[in-house]
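Please keep the coordinates at hand while reading.

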Amino acid sequence: PPQRRPPPPPRQSTHPLGQHHRGRAARPGPNGSRWGVLRQMKWQLRMKQLQIPRVRIAKPAASEPVVPPQQAEVSTALSPRSVAPARLQPIVPPTPQPAPPPMQSPPLQGPISQDPLGPLRPRERAVAPSVAAAAPGAGRPNVGPPATPLPPPPTSGPGAGQLETLFPKPAVPEPPPKPRDAGPVPFQSFEELVLDDKFGLMLLISDVIQVTEATKICAAAIKVYLKYDRVVDMIKALIYNEVGQQSSAGTLFRNNSIATHMMTSYTKVIGLPYLKTTIGPELLSIFEAIDVKGMEFEIDPEKLGPKDKLDVNIQNLKGLIHRCFDRILNSRAVCPKPFLHICNALQTSTKERFPESKYIVIAGFLFLRYICPAVVAPDGYKLVSGTVPEKVRRVLVLLSKVLQTIANEREFGDKEAYMMCMNQLCVEYQSMLQYFFNSLAKPADPLAPDNTPPINLPQEEYDNSLKFLFDQVKLSKAKFITEAQKKMSQSPAYWSLVSDALNQLE
């Protein structure tokens, strides 16, 4: 029989796995394959590179005491190549070191400030030295707030023993105490009397000054309070004072009082950008519709021209009202932030005594004294340049009538029968307007950006306004003192101070 060829001799290989490194059974590893061998060799090679020794703890001799593992530590550090056994040694408590003495800073040099509260708090300037003398650390230079000690780390709770205790948050400094809270403090100047936190002088002005003089006095008061950004607080005080004096909801903010004049004057100061954004484009479109497109808006049959069509004019006027009202209802985002505070004060103060008038008071402020006058006379509010033609003025009057009727939650009657074709539109928008008033009366977000236009008041104009108020109060000094004495039952200590300050006016 034919003989088989003998197998070839094995080849010499330098591979670390040996000659038959490609076979499965050359060096069986943990899983019986060459991959197990590879893993084992890579692990051994890695251990040699890291030079990790195997630590063996020697057994203590019979004469040495056995130390429990809880009170022992390794005292001998092993070098990377050392394999010497480590002895267990007892822990020696560290010797307490005395605490270092506190660092003494050198005394600060410089004059002591006599006006630490600054010019923005004129009511507290006269009493600031006495307050500073009673406070801890009085007599030091006014170089900043005193350093507050860090709070102790928590001993229990989720924050105990955590990393947050190493970096505690600084304590929020408390506001400086108001001098009037500590006790009666007499007024040192007429300016302090005007800028008082309780606005006592403005409440007296609202009760004493005649309405015929209210326009000039309100304009001067707005400038004085505008410098210190306190106009809204002053108007709020007047609103609550007037609501408390009214006995029926029918006359609420309907008369020409100091409060209503003050709100009207303030809208003319900061409300122009809002008008230009909301109704400005639609007012300009009326000029284009009449002059360029030849559209007509007259709905009074007695004033129609020979070629005018009443149905077409009614549709033109309704379309204009739709566009204007839609822009107003969507204008909450561009409404000045002080207006939101005023609307909130109007609704809050009214719904406690006259809940049925909580929408009417906002309508009177926003429409009766702000939007509708600007619609009728856009040239007076600088919404348009030049004079307004008579034909355009007539359209503006019709538009203003419909807007004010919707705001008052009313409908047209027999007195203006030609306007009764707008009643369906009035009813349609009344519910939407209530929702809009509620959105305006919500408390404004303090973190929301303020879109109020910046106003730079010159110092000379501020001084002239303050002097004008001084002259007006001095002319009616006796009436002011009498009215202040009538209010003694409300707050005797405060109104006695106001009365004393009025007596010293010269």
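## Ile-270 at the end of helix H8

The model discussed here is predicted. Ile-270 belongs to helix H8, which covers residues 258–270, and with a relative accessibility of 2% this residue counts as buried, since the cut-off for that class is under 20%. Once the neighbours within four places in sequence are left aside, the contacts of Ile-270 are Pro-336, Pro-338, Phe-339, Thr-452, Pro-453 and Ile-455.

The separation in sequence between Ile-270 and Pro-454 is 184 residues, whereas in space their C-alpha atoms are 8.5 Å apart.

## The packing of H7 against H8

Helix H8 also packs with helix H7 (residues 231–245), the angle between them being about 150° and the axes lying 9 Å apart. H7 is therefore roughly antiparallel to H8, because an angle over 145 degrees falls in that class. The crossing of these two helices is left-handed.

On the H7 side the contact is formed by Val-231, Val-232, Met-234, Ile-235, Leu-238, Ile-239 and Glu-242, and on the H8 side by Ile-258, Ala-259, Met-262, Met-263 and Tyr-266. Sorted by class, the residues in the contact of H7 with H8 comprise 11 nonpolar, no polar and one charged.

## The packing of H10 against H14

A second pair is made up of helix H10 (residues 280–291) and helix H14 (residues 390–407), which pack at an angle of about 135° with their axes 10 Å apart. The crossing in which H10 passes H14 is right-handed.

From H10, the residues Leu-283, Ile-286, Phe-287 and Ile-290 take part in the contact, and they meet Lys-391, Val-392, Val-395, Leu-396 and Leu-399 of H14. The residues of this contact between H10 and H14 divide into eight nonpolar, no polar and one charged.

## Salt bridges

Over the whole structure, a search finds nine salt bridges, and three of them are described here, beginning with the one in which the side chains of Lys-487 and Asp-207 meet at 3.3 Å, N to O. Lys-487 is placed in the loop between helix H17 (477–486) and helix H18 (492–503), while Asp-207 is in helix H5 (residues 200–208), so the pair ties together parts that are 280 residues apart in sequence. Lys-487 counts as buried at 6% relative accessibility, whereas Asp-207 is partly exposed, its relative accessible area being 26%.

Another salt bridge joins Lys-401 to Glu-416, with 2.8 Å between the closest N and O atoms. Here Lys-401 is located in helix H14 and Glu-416 in the loop between H14 and helix H15 (423–441), so the parts tied together by this pair are 15 residues apart in sequence. Lys-401 is partly exposed at a relative accessible area of 24%, and Glu-416 also counts as partly exposed, at 24% relative accessibility.

Helix H16 (residues 459–475) holds both Asp-471 and Lys-467, which are four residues apart, or about one turn of the helix. Their side chains meet in a salt bridge with an N to O distance of 3.2 Å. Asp-471 counts as partly exposed at 31% relative accessibility, while Lys-467, at 52%, counts as exposed, the limit for that class being over 50%.

Gln-472 is likewise placed in helix H16, but with a relative accessible area of 17% this residue is buried. Not counting residues up to four places away in sequence, Gln-472 touches Glu-213, Ile-217 and Phe-480.

## Asn-316 in helix H11

Where does Asn-316 lie? Its place is in helix H11, which runs over residues 310–329, and at a relative accessible area of 16% Asn-316 is buried. With its neighbours within four places in sequence left aside, Asn-316 is in contact with Met-295, Glu-296 and Phe-297.

Methods
Residues are numbered from 1 along each chain as its sequence is written. This is a predicted model: local features need pLDDT of at least 70, side-chain atom pairs count only at pLDDT 80 or more; totals for chains, interfaces and linings use all residues. Side-chain values use heavy atoms; hydrogens and water are left out. Axes are lines fitted to C-alpha atoms, for helices over the stretch in contact, and angles run from 0 to 180 degrees between N-to-C directions. A crossing is left-handed if the near helix is turned anticlockwise from the far one by less than a right angle, and right-handed if clockwise. Contact means heavy atoms within 4.5 Å. Ala, Val, Leu, Ile, Met, Phe, Trp, Tyr, Cys and Pro count as nonpolar, Asp, Glu, Lys and Arg as charged, and the others, Gly among them, as polar. Buried means under 20% relative accessible area, exposed over 50%, partly exposed in between (1.4 Å probe, protein chains only). Angles under 35 degrees count as roughly parallel, over 145 as roughly antiparallel, 65 to 115 as roughly perpendicular and the rest as oblique. A salt bridge is a side-chain nitrogen of Lys or Arg within 4 Å of a carboxyl oxygen of Asp or Glu.
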